[in-house]
Amino acid sequence: NNDIWCSVDGDVDRIVFYKVISTASPLIDDASIKLFDGDRLTCLVVKYLKRVTVNLSLNIGAVQTGYANGASTRYLEDVLKVRVLCTKTGVKYLHEAASKFDVGVYFEANGHGSVVFSPYVLKLLTFDYKDERLKAEVKILKNIVKLCNEYVGCAVADMLLCLVAVDEIGWDGVEEFYADLVSSTTKFFVADKNLVECNGDE
């Protein structure tokens, strides 16, 4: 069937969505699923925000870590035309970087993330607009700000935001954003690990 499921972690600050595609039951061990991880959720939220704030001309950006699938980064930059920053692993680093945008969207691949709104955006929401298009966009954005828990990340708030966004875009659209690049993990042995120094984005 076409049911979409979601799972959260123990302290409910990470979320992923998925669709079971090979069996009627998601409880069967060999079930094949289509995963909508944090990378796809970033793309979904950014696309939705750009669509509903087109006349506000906001600087919307995304933040990822080195664990993000490169196809998602390419989609954000080349298709959605937003700036993408890469930080160390850990939401405190992503949150700090997201604060550099008018609206910063960040999700680690594991589904831990949120949306950050700048003081400039929050001030915009207090104005009285005559233009009907701006008035409509501000109304939507006000509701999004109320929905998001931008300080700690909340899987329930993120779930609701994603459901609002997908109501506009559709799960098929999310699935078709990009094809994941294949990844592999390799271990290299060095004589002295203290000679290896990582840069800011690892």
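1. Two strands count as paired if DSSP finds at least two bridges between them. Strands (E, at least two residues) and helices (H or I, at least four) are DSSP runs, numbered from the N terminus. Across this pairing, Val-8 stands opposite Ile-15 in β2. The hairpin has 6 residues between its strands, and Val-12 takes a positive phi near 55 degrees there.

2. A quick word on what you're looking at: this is a predicted model, where local features need pLDDT of at least 70, side-chain atom pairs count only at pLDDT 80 or more, and totals for chains, interfaces and linings use all residues. Residues are numbered from 1 along each chain as its sequence is written, and side-chain values use heavy atoms, leaving out hydrogens and water.

3. Now find the open sheet of 4 strands, ordered β5-β4-β6-β7 with mixed pairing. Its edge strands are β5 (83-87) and β7 (113-117), and each of them pairs on one side only. From one strand to the next, the twist averages 20 degrees. Angles run from 0 to 180 degrees between N-to-C directions, and axes are lines fitted to C-alpha atoms, for helices over the stretch in contact. Look at β4 (residues 60-65) too: this strand pairs with β5 in the parallel sense over 5 bridges, and Gln-64 stands opposite Cys-86 in β5.

4. Two helices go with that sheet. Helix α1 (residues 38-52) packs on the sheet and touches β4, β6 (103-107) and β7, its direction making about 160 degrees with that of β6. Contact here means heavy atoms within 4.5 Å. Helix α2 (residues 70-79) lies across β4 and β5, at about 165 degrees to β4.

5. Next, check the surface. Val-8, Val-12, Val-156, Leu-160 and Leu-163 form a nonpolar patch there, with about 360 Å² of accessible area together. Patches take residues with over 30% relative accessible area and no salt bridge, joining nonpolar side chains (Val, Leu, Ile, Met, Phe, Trp, Tyr) within 5 Å and like charges within 9 Å. The areas come from the Shrake-Rupley method with a 1.4 Å probe, and for residues only the protein chains shown count as cover. Helix α6 (residues 155-169) gives the largest share of the patch, 3 residues. Leu-160 sits in helix α6 and counts as partly exposed at 37% relative accessibility. (Buried means under 20% relative accessible area, exposed over 50%, and partly exposed in between, with a 1.4 Å probe and protein chains only.)

6. The whole structure has 7 salt bridges, each a side-chain nitrogen of Lys or Arg within 4 Å of a carboxyl oxygen of Asp or Glu. One joins Asp-9 and Arg-14 (3.8 Å, N to O). Asp-9 is partly exposed at 23%, and Arg-14 is partly exposed at 35%.

7. Another one to click on: Lys-19 and Glu-175 meet in a salt bridge (2.9 Å, N to O). Lys-19 lies in strand β2 and Glu-175 in helix α7 (residues 171-175), so the pair ties together parts that are 156 residues apart in sequence. Lys-19 is buried at 11% relative accessibility, while Glu-175 is partly exposed at 27%.

8. Last, Lys-135 forms a salt bridge with Glu-132, with the closest N and O atoms 3.6 Å apart. Lys-135 and Glu-132 are separated by about one helical turn because they are 3 residues apart in helix α5 (residues 132-147). Glu-132 is exposed at 54%, whereas Lys-135 is partly exposed at 38%.
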